[in-house]
Every structure is written in C-alpha cells, then in structure tokens.
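Thanks for coming. I have one structure to go through, and it goes up on the screen now.

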Amino acid sequence: MNVSLVWWNTGLSPTRKQDRSNAEERQTATSIIQALTVIAPVDFIGLCEVSPNDIDRIEETCSSAGYRVHRITDGAGRSAFDMCVLYRSDKISIADITENILSSRGDRTVRVGHHLTIAIRDEDELFHIFLSHWPSRLDLPQPHPGREI
C-alpha cells in the first residue's frame, strides 16, 4: 500500500509570534490544506509554526474530509512545540505517542522533535515518524555556540 507524507512549515505562527498571521495568510494556508486533504488527499501531513488557534481552524477545514488531528503544542522550557499532524483516519492510526524529545544546552531547553508510531490499516508493519522543527541559525553571528548541533 502506498502512503503519502507531507511536511510543511506554514509560517502562520512562529513560536515567538503566535497568531501573527493576517486573514490573507490564513486563507492561503486553508486553500493549501484543502488541496492536500480534498483535491489530492495526502495520507499524513505534518505542519509546523502553527498555534493552538491555527490548529482549531485547520481541524474545522479538514475534519469533514476524514482527517484527524494530533496536536503537538506542549510547553518546553520557556518555549513550546508548534506542530500538528493531520492523518487520514481511514488509512492511518497512531499506534503510540512518545513524549517530546528535548535536550538541554546550558540553561536552554532545545525542542529536538516529536516521535509518533503510526500503523497503516491492513499492514503488519509500524512506522516511526520523527517530526522536528529546529530554530533558524542564520541570524546568529559566526562563531556562535548556537550554530553547532
């Protein structure tokens, strides 16, 4: 069985500027999500830079098309995860949710990623999906410890 996966950094709500998108940006995101869930139904969609309010709107957009939403918005240090997953419930189920993967660097908490185990209907295999959205290091001067992994 073929399974399609998409990862998209929506840019709607970066962690430090939640709910900063305007109506036009939200409409563009809604149109793209409708294309991914209705026109060319993708099985598993990972989204980042989304706030809880964005996820509410996304859930309204795609629930009638048979998608479920898994929110990944837990706090992590002084920040929070800003992701969600949309998945076709007729084809995929979440078999296990592992805690968020965190690391420490000095007094900072680093959001390394989120681990999901998914099951494909009528298949015996489980798939491990790791979702990660690392902060940009482009604005850091060289050399800077934040540029190192």
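Buried residues make up 38% of the 149 residues in the protein chain, where buried means under 20% relative accessible area, exposed over 50%, and partly exposed in between, with a 1.4 Å probe and protein chains only. This is a predicted model, so to speak of a local feature I need pLDDT of at least 70, side-chain atom pairs count only at pLDDT 80 or more, and totals for chains, interfaces and linings use all residues. Residues are numbered from 1 along each chain as its sequence is written, and side-chain values use heavy atoms, with hydrogens and water left out.

The protein chain has two helices and ten strands. Both kinds are DSSP runs numbered from the N terminus: helices are H or I with at least four residues, strands are E with at least two. Read from the N terminus, the order is β-α-β-α-β-β-β-β-β-β-β-β. Of the contacts with a separation of 6 or more, 57% are between residues 24 or more positions apart; contact means heavy atoms within 4.5 Å.

Next, the helix pair. Two packed helices are described by the angle between their axes and the distance between the axes. H1 and H2 pack at about 40°, with axes 10 Å apart. That makes H1 oblique to H2. The axes are lines fitted to C-alpha atoms, for helices over the stretch in contact, and angles run from 0 to 180 degrees between N-to-C directions. Under 35 degrees counts as roughly parallel, over 145 as roughly antiparallel, 65 to 115 as roughly perpendicular, and the rest as oblique. On the H1 side, Arg26, Thr30, Ile33, Gln34 and Thr37 meet Arg57, Ile58, Thr61 and Cys62 in H2.

Take Thr37, in helix H1, residues 23-39. Thr37 counts as buried, at 3% relative accessibility. Its side chain reaches the backbone oxygen of Ile33 at 2.8 Å. Leaving aside neighbours within four places in sequence, Thr37 is in contact with Ile45, Cys62, Ala65 and Tyr67.

Which residues touch the most other members of the largest nonpolar core? They are Ile45, Leu47, Val50, Ile58, Cys84 and Leu86, out of 15 residues. The elements giving two or more residues to this core are H1, strand E2 (44-48), helix H2 (52-62), strand E3 (67-72) and strand E6 (83-88). Another core, of 13 residues, lies apart from it, with Phe44, Ile72, Leu116 and Ile118 among them. A nonpolar core is a set of buried Ala, Val, Leu, Ile, Met, Phe, Trp, Tyr and Cys residues joined through side-chain atoms within 4.5 Å.

Now Asp54, which is in helix H2. Asp54 counts as buried, at 2% relative accessibility. The side chain of Asp54 makes a polar contact with the side chain of Arg57 at 2.6 Å. A polar contact is a pair of N or O atoms within 3.5 Å; within protein, one must be able to donate a hydrogen and the other to accept it, and residues adjacent in sequence count only if both atoms are side-chain atoms. Not counting residues up to four places away in sequence, Asp54 touches Leu12, Ser13, Asp19, Ser21 and Glu49.

Glu49 lies in the loop between E2 and H2. Glu49 is not a glycine, although its phi is positive, about 60°. Is Glu49 buried or exposed? At 14% relative accessibility, Glu49 counts as buried.

Asp122 also has a positive phi, near 65°. Asp122 counts as exposed, at 77% relative accessibility.
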